[in-house]
Amino acid sequence: MKNAIVHMRLHQKKHPHLERLLEKAKTITLGSDTKVLIISDLHMGNGGRRDEFKRNALLVRSMLHDYYLPEKYSLVLNGDVEELFKFSVESIQDQWREIYDLFLQFEKNGFLWKTCGNHDADLFEERNYRLSKHLLESIRFAWGDESMLLFHGHQASILLWETYPVVSRAVVLFLRYVAKPMGIRNFSTAYNSRRRFAIEKSIYDFSNQAKIVSIIGHTHRPLFESLSKVDHLNYRIEELCRAYPAAVPEERRLIHEQIGELKTMLDACFTEGKKIGLRSGRYNNIAIPSLFNSGCAIGKRGVTALEIDGERIRLVYWFKGKQGRRFVSDRTSAPEPLGDTGYFRIVLNEDHLDYVFSRIRLLA
Ligand SMILES: [Mn+2]
């Protein structure tokens with residue numbers, strides 16, 4: 001008992017910001033058929049040259065209007081939807097009125113929530129903000145006895161100006177009135193990989209301690225911690241080897257062929273090295289799928305997003321025409337065209353939530 005208390009205290013001290021986000025989160029219970037789209041980091045601006053959202057605006061509109069609305073998804077906008085470091089909320093809402101109209105339509109499918117990020121935290125005090133009623137700092141999805149915590153992710157940063165609103169406001173003023181005339185741009189992606197890693201590592205540790213899944217944005221790097229491609233291929237080869245002895249001759253021939261193909265893919269993984277799913281100890285040697293990141297909506301080649309679809313969670317990638325070919329992932333399936341829009345959706349990774357939480361329970 002005493003040990004448990006000591007343990008709890010240590011545990012609480014380690015990630016106080018994140019503990020608070022979990023305690024204060026709005027709880028939403030997911031049903032076995034609830035569908036939720038999670039997107040983040042749109043960085044919407046005024047439609048001008050410095051508006052980073054502009055590039056993918058038509059794609060985002062089409063995704064929402066032609067796919068997720070009719071497919072009955074609810075919507076979570078997981079922070080940095082508006083780029084208030086560069087633009088006023090009025091100019092953003094004027095420019096992207098139609099996108100806000102679409103956001104609001106998701107309420108009829110179930111719910112619409114928006115968490116604040118470091119670029120749009122000031123909106124809590126904004127009276128004329130169209131999503132005011134939907135604004136939160138964190139959300140807890142209750143899935144059976146398990147929890148998924150949704151928040152933007154900047155709360156884990158060691159930089160004070162990202163964590164404390166007062167400091168943040170001073171930085172906003174600096175960026176808007178000093179940095180802008182000086183021509184400093186692209187603060188939305190001003191992350192080096194070491195800082196990204198520090199934020200991810202800290203949230204990953206917290207999630208494993210709390211035995212929950214965290215779903216973030218902020219670093220713009222899509223994350224889906226499942227078996228790496230190498231582990232996945234090894235697992236399938238193992239399965240086929242076990243099936244071989246009991247198989248009839250025709251099946252044996254097929255198994256032989258399949259193993260040959262899998263071995264070729266495995267060799268390719270080692271040749272390509274770290275570029276694809278070779279885990280190479282990103283956090284440690286065992287993959288615990290406790291951290292997911294939706295990536296961002298301002299990618300040069302398209303938009304990444306997370307989908308919760310009943311019992312499953314997916315990382316998807318939307319792109320126009322053939323430009324998505326270069327995307328590499330652990331388990332890339334075939335792209336599906338969205339009607340005749342010229343846009344495609346591809347599932348980069350997918351797992352059963354049961355499997356995700358089993359790994360967390362057993363390994364974290
Ligand atoms: Mn951010």
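1. Helices (H or I, at least four residues) and strands (E, at least two) are DSSP runs, numbered from the N terminus. On that basis the protein chain has 11 helices and 14 strands. This is a predicted model: local features need pLDDT of at least 70, side-chain atom pairs count only at pLDDT 80 or more, and totals for chains, interfaces and linings use all residues. Residue numbers start from 1 along each chain as its sequence is written.

2. Start with the sheet. Two strands pair if DSSP finds at least two bridges between them.

3. β11 (residues 303-309) and β12 (residues 312-320) are antiparallel, with 7 bridges. Thr 304 has Tyr 317 in β12 as its bridge partner.

4. Next, the helices α3 (57-68) and α5 (residues 97-105). They pack at about 30 degrees, with axes 10 Å apart. Axes are lines fitted to C-alpha atoms, for helices over the stretch in contact, and angles run from 0 to 180 degrees between N-to-C directions. Angles under 35 degrees count as roughly parallel, so α3 and α5 are roughly parallel to each other. From α3, the contact uses Val 60, Arg 61, Leu 64 and His 65; from α5, Glu 98, Ile 99 and Leu 102. Contact means C-beta atoms, placed from the backbone, within 7 Å.

5. How much of the chain is buried? Buried residues make up 35% of the 364 residues. A residue is buried if 20 or more other C-beta atoms lie within 10 Å of its own, exposed if 12 or fewer, and partly exposed in between.

6. The largest nonpolar core has 67 residues. Such a core is a set of buried Ala, Val, Leu, Ile, Met, Phe, Trp, Tyr and Cys residues joined through C-beta atoms within 7 Å. β12 gives the largest share, 6 residues. Ile 38, Leu 150 and Trp 318 have the most contacts inside the core. Beyond four places in sequence, Ile 38 contacts residues including Val 76, Leu 150, Ile 215 and Ala 305.

7. Finally, Lys 72. It sits in the loop between α3 and β3 (74-78). Lys 72 counts as partly exposed because it has 13 C-beta neighbours inside 10 Å. Not counting residues up to four places away in sequence, Lys 72 touches Lys 35 and Asn 109.

Conventions:
Contact = placed C-beta atoms within 7 Å. Parallel < 35°, antiparallel > 145°, perpendicular 65-115°, else oblique.
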